[in-house]
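Work through the exercises below with the sequence and the 3D view open. Try each task before reading its solution.

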Amino acid sequence: MKSHPLQIGFVGLGIMGAPMAHHLISAGHQLFVFTRGKIPEAIATSSATQCTHARGVAERADIIFTMVPDTPDVEAVLFGQAGIAAGLTRNKTVVDMSSIDPLATRKFARKINALGCDYLDAPVSGGEVGAKAASLTIMVGGEQAAFDRVKPLFDLMGKNITLIGGNGDGQICKVANQIIVALNIAAVGEALVFASKAGADPARVREALMGGFASSRILEVHGERMIKRAFAPGFRIGLHQKDLNLALQGARALGVALPQTANVAQLMQSCVALGYGEADHSALVRAIESMAQHQVAPDA
């Protein structure tokens, strides 16, 4: 990739976007960037060109990535005043790596396609750890040709990269992912609260479970966070709550019952009500602890 540098845009340099953009810079590509907040130091001191609005990014880049929190944010970045759409010319490619509403994604794709440009929805899983390690799972919706064009860039940010289907299908896959992750966090939280309140050492319980059929990445990473009370956000509860709301909205539209998803969404809401909406989603255990009147471990 270093021998064939590309003109790449990146809009949204938060917890996830900053390290993802940095991998592209490190591979030798010329980046044009814009974010609403302060430019992270790693990007500010790099070769990236800072733009004053998203339109400027789209004017200069051939492939434009977006990584912002929610559906309204994507719509604003794409179609708002001085947005990406205003700076596009034919044959460019827009890649939204945010996690948003699949139906809105399909609408956005049609509008970008009407400008003569390709659109990929490519939400990710792996959190801040995966973003920094370039080991993200990337779930893509869009045309095969556009996917093939962007795949070498996805390879710089992730390890498990799959074209699911057409536009919106990447977002559908991400919603499914978030259902599974949330239910697993709740299961680990319940297990550790039970073990701790019963008098067992939760760290040793986790160690034992890691060697059995209950072993999982959630038990490994988030179980440790629960025990060590390490709730600095890799992926915020408020954002996961948003994703579960997308799941429940979709379920209503499809006539599908998601009873366990509804339950864990209420646990997320409890955490927000308790003031933990900005904490990592492993802090979901706080809601379970509140009901049990017992913490897995003391706060540091």
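Predicted model: local features only at pLDDT ≥ 70, side-chain atom pairs only at ≥ 80, totals over all residues.

**Exercise 1. Cysteines**

Find how many disulfides the structure holds, and explain the result for Cys117.

Solution. 
1. A disulfide needs two cysteine sulfur atoms within 2.5 Å.
2. The closest cysteine sulfur to that of Cys117 belongs to Cys51, and the separation is 17 Å.

**Exercise 2. Helix α14**

List the buried residues of helix α14, then find what covers them.

Solution. 
1. Helix α14 spans residues 285-292.
2. Its buried residues are Val285, Arg286, Ala287, Ile288 and Glu289.
3. The cover over these residues includes α9 (169-197), α11 (217-228) and α13 (259-273).
4. Just after α14 comes Gln293, with a positive phi of about 55 degrees.

**Exercise 3. Asn167**

Locate Asn167 and identify the side chain with which its own side chain makes a polar contact.

Solution. 
1. Asn167 sits in the loop between β9 (158-165) and α9.
2. Leaving out residues up to four places away in sequence, Asn167 touches Arg106, Ala109, Asn113, Tyr119, Leu120, Asp121, Gly141 and Gly142.
3. With one of these, Asp121, the contact is polar: the two side chains meet at 3.3 Å.

Methods. Residues numbered from 1 in each chain as written. Heavy atoms only, no water. Buried < 20%, exposed > 50% of the residue type's maximum accessible area, 1.4 Å probe, protein only. Helix = DSSP H or I, 4+ residues; strand = E, 2+ residues; numbered from the N terminus. Contact = heavy atoms within 4.5 Å. Polar contact = N/O pair within 3.5 Å; in protein donor to acceptor, adjacent residues only side chain to side chain.
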